[in-house]
Amino acid sequence: GGKTWLRVPVSPKLPGEPILITALGPDTAEMTTSAGAIYVTNNGGRNWKAQVKETIDSTLNRTISSGVSGASYFTGNIIGVIRDKNGKYLAISSRGNFFLTWQPGQEFWIPRARDTSRRIQSMGFIENDLEQGLWMSTRGGGLSFTKSQPDFDSINNFDFSSSDIKTGGYGILDVNFKNKDELWAACGGGILYSSIDGGKSWKKDDEDKVIGKSWKK
């Protein structure tokens, strides 16, 4: 439980920098890099097996004619990599122009266009499960959700429905689900909003506004 640690060597030829490591069991883990490479180890990090055949920039070079807005400005790095409980991934381009998806069994990431002119601020899985849907926040305080079971195998864009949250321009940094009805949105400046009807309406949590401190509800 963290009492002792062993150094795990990583090849200097690794595409990108490790940005997310998920423990899957004894001596088993999954690692994702800033270039979109995904590796799995079953022997405590001595050997790693690639799960994706090419990095994201290689994928975009192949599919640049797909019409994904902003893909031509891709810098080769991703931000905001999120993994759901079943090993499916979301990643946001470093500029927030578009996002990408991947699930086990796919050979490469699929780039997807955002459905708004505003750049993506953050994204995630509803209740940490793709089967429940996705959420997306955009610059300036926009928030939207998909319906359940968006198809990661399809190359079609996802349909997002806007949520009526008024943050006064504060960007939404994260959204957390206590259950399918109760959720919380954390904005810049330590401001919190809560919803008890699945995101249809929101209430600003003035009493529990916290800046520079931990918060617990």
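Reader: Leaving aside neighbours within four places in sequence, which residues is Val 175 in contact with?
Author: This is a predicted model, where local features need pLDDT of at least 70 and side-chain atom pairs count only at pLDDT 80 or more, while totals for chains, interfaces and linings use all residues. Residues are numbered from 1 along each chain as its sequence is written, and side-chain values use heavy atoms, with hydrogens and water left out. Contact here means heavy atoms within 4.5 Å. With neighbours within four places set aside, the partners of Val 175 are Trp 135, Leu 143, Leu 183, Trp 184 and Ala 185.

Reader: What is the bridge partner of Val 175 in S14?
Author: Strands are DSSP runs of E with at least two residues, helices are runs of H or I with at least four, and both are numbered from the N terminus. Two strands pair if DSSP finds at least two bridges between them; S13 (residues 172–177) and S14 (residues 183–187) run antiparallel and are joined by 5. A hairpin of 5 residues links S13 to S14. Across in S14, Val 175 has as its bridge partner Ala 185.

Reader: Which residues touch the most other members of the largest nonpolar core?
Author: A nonpolar core is a set of buried Ala, Val, Leu, Ile, Met, Phe, Trp, Tyr and Cys residues joined through side-chain atoms within 4.5 Å. Buried means under 20% relative accessible area, exposed over 50% and partly exposed in between, with a 1.4 Å probe and protein chains only. The largest core has 14 residues, and those touching the most other members are Leu 143, Phe 145, Val 175 and Trp 202. The elements giving two or more residues to this core are S11 (142–145), S13, S14 and S15 (191–195).

Reader: How many aromatic pairs are there?
Author: Rings of Phe, Tyr and Trp (its six-membered ring) pair if their centres lie within 6.5 Å; planes under 30 degrees apart are stacked, over 60 edge-to-face, and the rest tilted. By that rule, the count is 7.

Reader: Why is the pair of Tyr 89 and Trp 109 edge-to-face?
Author: The ring centres of Tyr 89 and Trp 109 are 6.1 Å apart and their planes sit at 65°, so the pair is edge-to-face. Tyr 89 is in strand S6 (residues 89–93) and Trp 109 in the loop between S7 (98–102) and S8 (110–113), so the pair ties together parts 20 residues apart in sequence. Tyr 89 is buried at 0% relative accessibility, and Trp 109 is buried too, its relative accessible area being 0%.

Reader: What is the angle between the planes of Phe 152 and Phe 158?
Author: Both Phe 152 and Phe 158 are buried. Phe 152 and Phe 158 are stacked, 6.0 Å centre to centre, with the planes at 10°.

Reader: Is Glu 127 buried or partly exposed?
Author: Most residues other than glycine have a negative phi. Glu 127 isn't a glycine, yet has a positive phi of about 55°. Glu 127 is found in the loop between S9 (120–125) and S10 (134–138). With a relative accessible area of 32%, Glu 127 is partly exposed.

Reader: What about Asn 128, what is its relative accessible area?
Author: Asn 128 is in the loop between S9 and S10. Asn 128 has a positive phi of about 60°, though not a glycine. Asn 128 is partly exposed, with a relative accessible area of 38%.
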